[in-house]
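Colleague: I would like to go through this model with you, residue by residue and then as a whole. Could you take my questions in turn?

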Amino acid sequence: MIYYDMMNENLEIQQLKKQIIEEMGVYFESEDTTSPLSSRIFALLVLEGSEGASFDKIVEELEISKSSASTNLQILQSMGRVSYYTKPGDRKRYFKASVTSLVNRLEDKIQSWKRERCLHERVATYREKVISNNEDNNIDVEKDLSFNIHYIEFVDVMIDNLSRLKNNILITVNQD
């Protein structure tokens with residue numbers, strides 16, 4: 001009975017893994033404009049964690065040809081998304097998601113939020129000038145600009161949180 005329960009649990013974990021690989025693959029495919037297979041290989045490597053996966057495991061888990069795996073791993077390596085390492089006495093290469101890639105993705109998102117913040121500041125400054133220069137209106141400047149002000153505050157929180165996450169990742173990686 002215990003053996004049966006373990007088999008069911010293992011099957012459940014494998015099904016969950018396939019589902020997550022597919023969902024992450026679709027996400028990376030649309031976000032990073034990578035091929036469907038490259039995206040799924042990257043998703044698998046993210047799930048494998050710091051141990052990564054051997055070439056053979058990637059081929060087996062994703063049920064793909066060796067040539068497709070090789071081509072897509074080369075693409076991911078050239079993008080800096082994947083790195084590999086070897087183990088002493090083992091001729092296999094083990095691939096893993098690059099931490100540098102994650103840090104770079106976070107930095108890109110931080111820069112994107114900063115650009116968006118700058119645009120909202122410019123809109124708020126413009127609206128304030130337009131309202132101030134129009135003596136005939138009775139528009140409450142603070143009320144009119146409340147969306148921009150709240151949005152800028154929200155963006156500041158996003159930038160701060162992403163920056164802290166990036167720094168925590170760097171601290172964690174440097175401790176290993």
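Colleague: Between which two elements does the loop that holds S98 lie?
Modeller: This is a predicted model, in which local features need pLDDT of at least 70 and side-chain atom pairs count only at pLDDT 80 or more, while totals for chains, interfaces and linings use all residues. Residues are numbered from 1 along each chain as its sequence is written, and side-chain values use heavy atoms, with hydrogens and water left out. Helices (H or I, at least four residues) and strands (E, at least two) are DSSP runs numbered from the N terminus. On that basis, the loop with S98 lies between β3 (93–97) and α5 (99–133).

Colleague: With which side chain does the side chain of D32 make a polar contact?
Modeller: D32 lies in helix α1 (residues 2–32) and, at 18% relative accessibility, counts as buried. Residues up to four places away in sequence not being counted, D32 touches R81 and R105. A polar contact is a pair of N or O atoms within 3.5 Å; within protein, one must be able to donate a hydrogen and the other to accept it, and residues adjacent in sequence count only if both atoms are side-chain atoms. The side chain of D32 makes such a contact, at 2.6 Å, with the side chain of R105.

Colleague: What is the phi of T33, and where does T33 lie?
Modeller: T33 is placed in the loop between α1 and α2 (36–48), and T33 is exposed, with a relative accessible area of 70%. Most residues other than glycine have a negative phi. T33 is not a glycine, yet its phi is positive, at about 50°.

Colleague: What phi does E63 have?
Modeller: E63 sits in the loop between α3 (55–62) and α4 (66–78). Its relative accessible area is 64%, so E63 is exposed. Although E63 is a residue other than glycine, its phi is positive, near 55°.

Colleague: How far apart in space are the C-alpha atoms of A124 and D144?
Modeller: A124 is found in helix α5 and is buried, with a relative accessible area of 11%. Beyond residues up to four places away in sequence, A124 touches L145 and N148. A124 and D144 are 20 residues apart in sequence, and from C-alpha to C-alpha the distance is 9.2 Å.

Colleague: What separation do the C-alpha atoms of L106 and R93 show?
Modeller: L106 is placed in helix α5 and counts as buried at 7% relative accessibility. Not counting residues up to four places away in sequence, L106 touches L162, L165, K166 and I169. From R93, by contrast, L106 is 13 residues away along the chain, and the C-alpha atoms of the two are separated by 27 Å.

Colleague: How far is R122 from E48, C-alpha to C-alpha?
Modeller: R122 also has its place in helix α5, and at 61% relative accessibility R122 counts as exposed. R122 and E48 are 74 residues apart along the chain, and their C-alpha atoms are separated by 44 Å.

Colleague: Turning to the whole protein, what is its radius of gyration?
Modeller: The protein has 7 helices and 3 strands, which follow the pattern α-α-β-α-α-β-β-α-α-α along the sequence. The globule rule gives 16 Å for 176 residues, and the protein is well over that, so it is more spread out than a compact globule. The radius is taken over C-alpha atoms, and the rule is 2.2 Å times the number of residues to the power 0.38. The radius of gyration of the protein is 24 Å.

Colleague: What percentage of the residues is buried?
Modeller: The C-alpha trace spans about 80 × 40 × 35 Å along its principal axes. Of the contacts with a separation of 6 or more, 55% are between residues 24 or more positions apart. Among the 176 residues, the buried share is 29%.

How values were computed
Buried means under 20% relative accessible area, exposed over 50%, partly exposed in between (1.4 Å probe, protein chains only). Contact means heavy atoms within 4.5 Å.
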